[in-house]
Amino acid sequence: MQTTSTEKTAPRALLVEADTGAYDAESSLSELFELAASAGADVQGAITQRLQKLDPATCIGSGKLEEIREFCQAEEINLVIFDLELSPVQLRNIEDAVDTRVIDRTMLILDIFALRARSKEGKLQVELAQLRYMLPRLTGRGVEMSRLGGGIGTRGPGETKLETDRRHIKRRMETLKSQLAEVEEHRTRLRSRREKDGVITAAIVGYTNAGKSTLMNTLTDAGVLSEDKLFATLDPTSRALKLPCGVSVMLIDTVGLVRRLPHHLVEAFKSTLEEAATADIILNVCDISSEESRLHLDVTRELLLSLGCEGKPIIPVLNKYDLVDGFVPVSADAVAISAKYGTGIDTLLDKIEQNLPKKVKRVRLLLPFDRAGTVARIREQATLYTEVYTEHGIEIDAALDEEWYRKLRDYIIE
């Protein structure tokens, strides 16, 4: 297949913000710039129009559309990105008016998802979300789709699938749903096995680009992709973390959230977010150097509560503390850290220990030789530090939960 010019060079993009006062347009536009950069676009400028309400046919006014068309011609813009979700009619009319390819916020996020997904489940979820979104937007776009030749907004299923008839796309969607159901069933079995084995889980959640993957690497040396890009991590990664008290915790890194993430995108990645919903402890990570850090914490917490996390320990983790010259903690439970430099990690580990679902005590025991089988089970089910055979019996140093502690309290020597 011949490589096209749009794949070789970054598309020159123009951002468009329709400000109706429904949200903080300036912050949202700033985030759109980061999203576009993460997708590989070369942003040349931004145009904002204040409106009382959106035009159902073209979203913004005719005069502003003409301004966009002239800017695109003068600056050789080949991609216009709107900071909202456009209807099929709006998308088609705007493209006709500005004579430049147009995508919206949702298409951009889907494109980044397609670019970042690595696991089988991630790729399936991306393709299903893209097909769901593109299905009502296929009418009248045959010419546009056939002249795209790749680029931002076209990754994932690709042009060939999108040019096929609706029946074929619907059949493909059903196949994807079936495959995802199998993957999710496998994930459920793994989760049940963890619960049966008494594995304690801690999920790292939060706003995208807050440093979740960097924290994962710092805590576990997991080697998770850690870049200053939005959605650098799309697939949940699990790694074991041994706490100072000796208890092992399964850390799970999840997909980041963004402002105004479309509902069907949350649904598409529901299984990855469910990892957080079923975790014993949740680390709500935010970039404390961001002016919207408090908002990011609140948005994440609200989503967690909507997933059924009420009553679970949610620890606010204020990352990138090294970039802030003094601040007031958002809550008494918050922990300020720098995942990049390791600052505050000890405090965070202490906080995780305080919120363990099972209270664990580290003790020294002297067991009779006929309890050697007990030592083997402690090694499997708890944390065994040392094991020494003496003339009086088996002396062990172990971290025990409440159940094991009650069973063996008569053998405690320290």
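## Exposure and the predicted model

A residue is called exposed when its relative accessible area is over 50%, buried when that area is under 20%, and partly exposed in between. Tyrosine 389 has a relative accessible area of 52%, so this residue counts as exposed. Please keep in mind that the model is predicted.

With that term in hand, here is the chain as a whole. Of its 414 residues, 49% count as buried. The fold is built from 16 helices and 13 strands. Looking at contacts between residues at least 6 apart in sequence, 67% join residues at least 24 apart.

## A stacked aromatic pair

Tyrosine 389 belongs to the one aromatic pair that the structure holds. Its partner is phenylalanine 369, and the two rings are stacked, with 6.4 Å centre to centre and 15 degrees between the planes. The angle of 15 degrees is under 30 degrees, which is why the pair counts as stacked.

The charged end of lysine 407 sits over the ring of tryptophan 404, at 5.0 Å from the ring centre.

## Helix H10 and its surroundings

Helix H10 covers residues 212-220. Is H10 mostly covered or mostly open? Seven of its nine residues are buried, so H10 is mostly covered. The buried residues are Lys212, Ser213, Leu215, Met216, Asn217, Leu219 and Thr220. Among the elements that cover them are strand S5 (200-206), S6, S7, strand S8 (281-287), S9 and H14. Just after H10, aspartate 221 takes a positive phi of about 55 degrees.

One of those covering elements, helix H14 (residues 345-354), has an axis that comes within 12 Å of the H10 axis, and the two cross at roughly 85 degrees. H10 is therefore roughly perpendicular to H14. At this crossing, Leu215, Thr218 and Leu219 in H10 meet Ile345, Leu348 and Leu349 in H14. By class, the contact has five nonpolar residues, one polar residue and no charged residues. A point on helix geometry is handy for reading such lists: an α-helix has 3.6 residues a turn, so residues three or four places apart point the same way.

## Helices H3 and H4

Which way do H3 and H4 lie relative to each other? Helix H3 (62-75) and helix H4 (residues 88-98) pack with their axes 8 Å apart, at an angle of about 55 degrees. The two helices are therefore oblique to each other. In H3, the residues Leu65, Ile68 and Arg69 meet Ile94, Ala97 and Val98 in H4. These contact residues divide into five nonpolar, no polar and one charged.

The loops on both sides of H3 have details of their own. In the loop between strand S2 (42-50) and H3 sits aspartate 55, which is partly exposed, with a relative accessible area of 30%. Leaving aside neighbours within four places in sequence, aspartate 55 is in contact with Ile60 and Gln90. Aspartate 55 and glutamine 90 are 35 residues apart along the chain, and their C-alpha atoms are separated by 8.6 Å. In the loop between H3 and strand S3 (79-82) sits glutamate 76. This residue has a positive phi of about 55 degrees although it is not a glycine, and glutamate 76 is exposed, with a relative accessible area of 61%.

Glycine 246 is in the loop between strand S6 (237-242) and strand S7 (248-253). At 0% relative accessibility, glycine 246 counts as buried. Not counting residues up to four places away in sequence, glycine 246 touches Thr383, Tyr385 and Ala399. Glycine 246 and alanine 399 are 153 residues apart along the chain, yet their C-alpha atoms are separated by 5.9 Å.

Finally, lysine 320 is found in the loop between strand S9 (314-319) and strand S10 (335-336). Lysine 320 is not a glycine, but has a positive phi of about 65 degrees.

Conventions
Residues are numbered from 1 along each chain as its sequence is written. This is a predicted model: local features need pLDDT of at least 70, side-chain atom pairs count only at pLDDT 80 or more; totals for chains, interfaces and linings use all residues. Side-chain values use heavy atoms; hydrogens and water are left out. Axes are lines fitted to C-alpha atoms, for helices over the stretch in contact, and angles run from 0 to 180 degrees between N-to-C directions. Helices (H or I, at least four residues) and strands (E, at least two) are DSSP runs, numbered from the N terminus. Angles under 35 degrees count as roughly parallel, over 145 as roughly antiparallel, 65 to 115 as roughly perpendicular and the rest as oblique. Contact means heavy atoms within 4.5 Å. Ala, Val, Leu, Ile, Met, Phe, Trp, Tyr, Cys and Pro count as nonpolar, Asp, Glu, Lys and Arg as charged, and the others, Gly among them, as polar. Rings of Phe, Tyr and Trp (its six-membered ring) pair if their centres lie within 6.5 Å; planes under 30 degrees apart count as stacked, over 60 as edge-to-face and the rest as tilted. Buried means under 20% relative accessible area, exposed over 50%, partly exposed in between (1.4 Å probe, protein chains only). A charge sits over a ring if NZ of Lys or CZ of Arg is within 6 Å of the ring centre and within 35 degrees of the ring normal.
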